[in-house]
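Reader: I'd like to learn how to read a model like this one, feature by feature. Could you walk me through it?

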Amino acid sequence: MTLITPSILSCNLARLQDEVDTIESYADWLQVDVMDGHFVPNLSFGAPVLRHLKTKLPLDIHLMVENPEDRIEDFLSLKVKNITFHAEVTDTEERSALVAAIRDGGATAGIAMNPETPIDAIAKTIEDVDLVLMMSVHPGFGGQEFMVNVLEKVRAIREHYPNLMIQMDGGIDDRTAKKCIEAGANNLVSGSFIFSAPDRAEAIASLRSP
Ligand code: DX5
């Protein structure tokens, strides 16, 4: 089953609770894009934004930050479902420590890779994580064009790791979702396609069975 994970980066953040309420019955997870303005050229939000959010959706924290180790406690205290950090800002040793700390805090641990990052950059880590997040845009902003060349990395990972959760994120809509699922992704993050749709339930359904 393919999980659909709306990203709140593209919603009306002045009405976050109302926006989440509109998709709560149809989505599986909810992604929170945490950006520090250093690892990515954009600044978003941190744990305080979630403190008063009421949702039954499991929270999926995507840390686009230079020092993920400094952020995880904030989010673990909110009992989030998953925390994903980036391969590009961690080495193998740091990743093992992060995975252990995230799991000790009751969440699953994911590693994200940018479109240009080769799979062998996570070779020593892929066995240790619960999820690989394959970025299909350069991280930092919603509404970008899907980068089709990352699909071959998804295929390669799926071939060697049939049971691993592979999440894709960036430019995912009813057209590109089909390509992602066919390549082996089973968790799709989508922001602008869902939150700009006239019928958000229909938009989410179109991602599941494109
Ligand atoms: C981009 C974020 C994505 C983004 C997806 O850096 O990580 O989650 O919000 O937005 P869309 O679906 O609009 O590409």
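**Strands, ligand and a few residues**

Author: Let's start with a strand pair: strand S6 (residues 131–135) and strand S7 run parallel and share five bridges. Two strands count as paired if DSSP finds at least two bridges between them. Helices (H or I, at least four residues) and strands (E, at least two) are DSSP runs, numbered from the N terminus. The model is predicted, so local features need pLDDT of at least 70 and side-chain atom pairs count only at pLDDT 80 or more, while totals for chains, interfaces and linings use all residues. Residues are numbered from 1 along each chain as its sequence is written, and side-chain values use heavy atoms, with hydrogens and water left out.

Reader: Which residue in S7 is the bridge partner of Met134?

Author: Met168 is the partner. The chain gets from S6 to S7 by way of helix H4 (residues 151–160), in a right-handed β-α-β crossover. Right-handed means that, with the strands pointing away from the viewer, the path from the first strand over the helix to the second runs clockwise.

Reader: And what joins S7 to strand S8?

Author: Three bridges, again with the strands parallel; S8 covers residues 187–190. Met168 turns up here too, with Leu188 as its bridge partner in S8. Helix H5 (residues 176–183) carries the chain from S7 to S8, and this β-α-β crossover is right-handed.

Reader: Why is S7 described as largely enclosed by the rest of the structure?

Author: Buried means under 20% relative accessible area, exposed over 50%, and partly exposed in between (1.4 Å probe, protein chains only). In S7 (residues 165–169), four of the five residues are buried, so the strand is largely enclosed.

Reader: How do I read the two faces of a strand?

Author: In a regular strand the side chains alternate between the two faces of the sheet. Take S3 (residues 59–64): Leu59, Ile61 and Leu63 sit on one side, Asp60, His62 and Met64 on the other, and all are buried. S3 pairs in parallel with strand S2 (residues 30–35) over six bridges, where Leu30 stands opposite Leu59. S3 also pairs in parallel with S4 over three bridges, and Asp60 has Asn82 as its partner in S4.

Reader: Where is Ile83, and is it buried or exposed?

Author: Ile83 is in strand S4, and at 0% relative accessible area it is buried. Its contacts (heavy atoms within 4.5 Å) include Ile61, Leu63 and Phe75, leaving aside neighbours within four places in sequence.

Reader: Which residues come nearest to the ligand?

Author: A residue is near a molecule if one of its heavy atoms lies within 4 Å of it. Of the 21 residues around the ligand, Gly140, Gly143, Asp169, Gly191 and Ser192 come nearest. A polar side-chain atom of Ser192 is 2.4 Å from a ligand oxygen, while a polar backbone atom of Gly143 is 2.8 Å from a ligand oxygen. The protein covers 100% of the 380 Å² of accessible area that the ligand has on its own, with areas from the Shrake-Rupley method and a 1.4 Å probe; for residues, only the protein chains shown count as cover.

How values were computed:
A polar contact is a pair of N or O atoms within 3.5 Å; within protein, one must be able to donate a hydrogen and the other to accept it, and residues adjacent in sequence count only if both atoms are side-chain atoms.
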